[in-house]
Amino acid sequence: MLNIMTEQQKSEDIVSDAAANNILSIYRRHAEAFARQRSCALFEKNWLDKFIAVMGGQGHIVDIGCGNGQPIAGYFIQQGLQLTGIDGSAAMLARARLAFPGQRWLEQDMRELTLDETFDGLIAWDSFFHLTQLDQQKMFPIFDRLSHPGSALMFTSGTGNGIAMGQFEGEPLFHASLAPDEYHALLSAHGFTVIERVMEDPLCTGHTIWLAQKRG
């Protein structure tokens, strides 16, 4: 039986593909709006503390998709941790450098990270899920390369396999997720053990969070 795609499906796919390719452009052009709208209430604190505990309470974190550094990178810095922030938006990073000049801020696309070092903690909070499903799969070898035994890894995702479209400053905002079983398999294949996973955590504004640790 032939699989015939409707015109509506084709149109939706075109919009989705365009939005996926437009993510960095959105955050480059709307850095000021993002800074105004990003909550600094630190509703993530419970998870950030768990992440720090898995690290052993000290060390060097790479924040992948750090944005303007507030509030997550700022919290880690306040706890005495060293931080390298990675983001594809120069405008976002300019704000982070101004707020925290003592840390390292690098303009790079997370899909093309070229850092020749490992970190005690890797976090991709509300950033990794803007990648296509294929690009998310390709991130796990990068997580592997940037970690060492004992490293903590934490990221947010969707609840199931699929694509979700949001909106930011009047533009389509792309999100995607793999199935939970696939995240588990990818983590395991690249040396990570899941420490905790909560789907739509009601204590963290409904975020789905994965916390894992690199095996020794």
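Reader: Which residues of α4 are buried?
Author: This is a predicted model, where local features need pLDDT of at least 70, side-chain atom pairs count only at pLDDT 80 or more, and totals for chains, interfaces and linings use all residues. Residues are numbered from 1 along each chain as its sequence is written, and side-chain values use heavy atoms, with hydrogens and water left out. Buried means under 20% relative accessible area, exposed over 50%, and partly exposed in between (1.4 Å probe, protein chains only); helices (H or I, at least four residues) and strands (E, at least two) are DSSP runs, numbered from the N terminus. With that settled, the buried residues of α4 are W47, L48, F51, I52, V54 and M55.

Reader: Within what arc do the buried residues of α4 fall, seen down its axis?
Author: An α-helix has 3.6 residues a turn, so residues three or four places apart point the same way. The arc is taken from the directions running from the helix axis to the C-beta atoms. The buried residues line one face of α4, because they fall within an arc of 160 degrees.

Reader: OK, and what do those buried residues pack against?
Author: Contact here means heavy atoms within 4.5 Å. Helix α4 covers residues 45–55 and packs on the sheet. Its buried residues pack against β1, α5, β4, β5, β8 and β9.

Reader: In what order do the strands of that sheet run?
Author: Two strands pair if DSSP finds at least two bridges between them. The edges are β3 (104–107) and β8 (192–201), each pairing on one side only. The sheet is open, has mixed pairing and holds 7 strands, in the order β3-β2-β1-β4-β5-β9-β8.

Reader: About what angle does the direction of α4 make with that of β5?
Author: Axes are lines fitted to C-alpha atoms (for helices, over the stretch in contact), and angles run from 0 to 180 degrees between N-to-C directions. Within the sheet, the twist averages 15 degrees from one strand to the next. Between α4 and β5, the angle is about 165 degrees.

Reader: Which residue in β9 stands opposite S157?
Author: Strands β5 (residues 147–157) and β9 (residues 207–214) are antiparallel partners over 6 bridges. Opposite S157 stands T208.

Reader: Is L42 buried or exposed?
Author: L42 sits in the loop between α3 (31–37) and α4. Not counting residues up to four places away in sequence, L42 touches L48, P71 and Y75. With a relative accessible area of 19%, L42 is buried.

Reader: Where does pLDDT stay under 50?
Author: pLDDT is the predictor's confidence in each residue, from 0 to 100. The protein's mean is 89, and 90% of its residues reach 70 or more. Where pLDDT is low, the predicted coordinates should not be read in detail. The stretch staying under 50, with 3 contacts beyond four places in sequence, is residues 4–15.
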